[in-house]
Amino acid sequence: MEHSDKQTRSATRADWSYPPTIAPSDRYRRTRLGWEIALVLLVSVGQSAIYSVVSFIRAATRAPISQQQTQLNPSRSAEPLWDAIYQFLDIFFSLALVALAVYLLWEPANNALRRIGLDLRRFGSDVVRGVVLVVLIGAPGIGVYAIGRAIGQSITVVPAPLDSSWWVIALLILAALRAGLTEEVIFLGYLFDRLRRLGWSWSGIIVSTALLRGSYHLYQGWPSALGNVVMGLVFGWCYKRWGRVMPLVVAHTIIDIVAFVGYPLAAAWWPAIFAPPASGS
């Protein structure tokens, strides 16, 4: 039994290990890896971060931020059937980018899903850790947003239409899963692996990915961006410590499900904080 436990711990450490850092003399491999990182970012979270920064600058130069709003899952068509089809296709193609990142991480005899911890081997403990993170991150995140709204520095975020049909809930849950997979797999699973191979320090990786995560959410206002930087620091530390991205995906997905599905109730109960402004843009 003791021998089996040692084997399990050894396998766990192996899953989190990386090949040796690329030697400085190997310029071709370093250059190729750098271009790969740039291209992945430009078609995924990096592209969104650039749009987010531009949106924030545009919002700051227009009407007061407190009078503006942004929609996370806007309707794509007035016809319910076509709206559902467009929403589903948007989620599907976003998840294809996650699959691309995992594909690039895959190596012969080295399962990428197992290496970044995106599997079901420890699903029970992953869920427990995820729920703990929801309590630690989710509630304070709502507080940061509420403070930002109170001081007029947060744009009103509308996660879901207030007149949603019941079937929209399924799409909102898929959208929450899409957000959890996209951000955690690319910010943590992919970038941690690639930047570590380039010789970056752990602290540099955690801080840089947290800042990228913050810029990704800047369109919501600087308080929300700052809150996401803190979230990125916590998630990055947890990923380095646990070597598994699944608890972070679970936490992120739960937070977004609560935000998306519970938004109509929040807007009705606390309209001053969550309801769209009467003249929102």
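I started with Val-40. Setting aside residues within four places in sequence, I found Val-40 in contact with Leu-104 and Tyr-190. I note that the model is a predicted one.

Where does Val-40 sit? I placed Val-40 in helix H2. Next I checked its accessibility. Val-40 counts as buried because its relative accessibility is 5%, and the cut-off for buried is under 20%.

I then looked at the pair Val-40 and Tyr-190. They are 150 residues apart in sequence. In space, their C-alpha atoms are 9.5 Å apart.

Next entry: Glu-36. I found Glu-36 in helix H2, which covers residues 27-42. Residues three or four places apart in an α-helix point the same way, because the helix has 3.6 residues a turn.

Which residues does Glu-36 touch, beyond those up to four places away in sequence? I listed Leu-104, Tyr-190 and Arg-194. Leu-104 and Tyr-190 are also on the contact list of Val-40.

Is Glu-36 buried or exposed? Glu-36 is buried, since its relative accessible area is 13%. I also looked for a polar partner. The side chains of Glu-36 and Arg-194 are joined by a polar contact of 2.8 Å.

Last entry: helix H10. I read off residues 246-269, 24 residues in total. From first C-alpha to last, H10 reaches 33 Å. That is close to the 34 Å expected at 1.5 Å a residue.

Where is the kink in H10? I located it at Tyr-263, with an angle of about 60°.

Notes: Residues numbered from 1 in each chain as written. Predicted model: local features only at pLDDT ≥ 70, side-chain atom pairs only at ≥ 80, totals over all residues. Heavy atoms only, no water. Helix = DSSP H or I, 4+ residues; strand = E, 2+ residues; numbered from the N terminus. Expected span 1.5 Å × (residues − 1). Bend = angle between axes of the 7 residues up to and from the residue. Buried < 20%, exposed > 50% of the residue type's maximum accessible area, 1.4 Å probe, protein only. Polar contact = N/O pair within 3.5 Å; in protein donor to acceptor, adjacent residues only side chain to side chain. Contact = heavy atoms within 4.5 Å.
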